[in-house]
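Take a look at the model below.

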Amino acid sequence: MYQSPLMSLPGITPEEYSYLQQATTGLNEQQMRAFLMIYSGKRKNPSDMLLFCLLGLFIVPGLQRFIINQIGMGILYLFTIGLCFIGSIVDLVNHKQLAMEYNQKMAFESLQMIRFSEMR
């Protein structure tokens, strides 16, 4: 049975798999390998995001936001102690959604890089 190369990504969720399957439709094998190489270096595993949220709650407020390149929110969390812990707790509950949104952006960027390299 054929196993998709997307399944090799650690901690991939069904939602992320479905999104990536749609996004990579039409890529040939070489493009898919290049995409996976770029994307796997950028993506955040949801279980890692849970760890970052826990560290953000107890040690460095806003760490999870800095990790996903939301620098402004990270600074706000840092100076307000995670928006008085409420924002950090909400991020902890929604860690899978934070990872998914970030990974969607990284998938888009990775696809753009693949398509741009084809044009050259």
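Start at E29 and R33, which form a salt bridge with their closest N and O atoms 3.1 Å apart. A salt bridge here is a side-chain nitrogen of Lys or Arg within 4 Å of a carboxyl oxygen of Asp or Glu. E29 and R33 sit four residues apart in helix α2 (residues 29-42), so about one helical turn separates them. Both E29 and R33 are exposed. Exposed means over 50% relative accessible area, buried means under 20%, and partly exposed lies in between (1.4 Å probe, protein chains only). Helices are DSSP runs of H or I with at least four residues, strands are runs of E with at least two, and both are numbered from the N terminus.

Some ground rules apply. This is a predicted model, in which local features need pLDDT of at least 70 and side-chain atom pairs count only at pLDDT 80 or more, while totals for chains, interfaces and linings use all residues. Residues are numbered from 1 along each chain as its sequence is written, and side-chain values use heavy atoms, with hydrogens and water left out.

Now the other charged pairs. Side chains of opposite charge can pair when their charged atoms come close. The salt bridge count comes to four. One of them joins K42 and E109, with the closest N and O atoms 3.3 Å apart. K42 has a relative accessible area of 22%, so K42 is partly exposed. E109 is also partly exposed, at 37%.

What does R65 pair with? R65 forms a salt bridge with D91, and their closest N and O atoms are 2.7 Å apart. R65 lies in helix α4 (residues 63-67) and D91 in helix α7 (residues 86-93), so the pair ties together parts 26 residues apart in sequence. R65 is buried because its relative accessible area is 11%. D91 is buried as well, at 3% relative accessibility.

Step back to the whole chain. The chain has eight helices and zero strands. Its C-alpha trace spans about 50 × 35 × 20 Å along the principal axes. Of its 120 residues, 38% count as buried.

Next, helix packing. Two packed helices are described by the angle between their axes and the distance between the axes. Helix α1 (residues 14-23) packs with helix α8 (residues 95-119) at an angle of about 20°, their axes 11 Å apart. That makes α1 roughly parallel to α8. Axes are lines fitted to C-alpha atoms, for helices over the stretch in contact, and angles run from 0 to 180 degrees between N-to-C directions. Angles under 35 degrees count as roughly parallel, over 145 as roughly antiparallel, 65 to 115 as roughly perpendicular and the rest as oblique.

Last, the surface. A nonpolar patch of about 1,000 Å² includes L50, F58, I71 and F79 among its residues. Patches are made of residues with over 30% relative accessible area and no salt bridge; like charges are joined within 9 Å, nonpolar side chains (Val, Leu, Ile, Met, Phe, Trp, Tyr) within 5 Å. Accessible areas come from the Shrake-Rupley method with a 1.4 Å probe, and for residues only the protein chains shown count as cover. Helices α3 (46-58) and α5 (71-79) each supply at least two residues of the patch. Helix α3 gives the most, with five. L50 lies in α3, and at 32% relative accessibility L50 counts as partly exposed.
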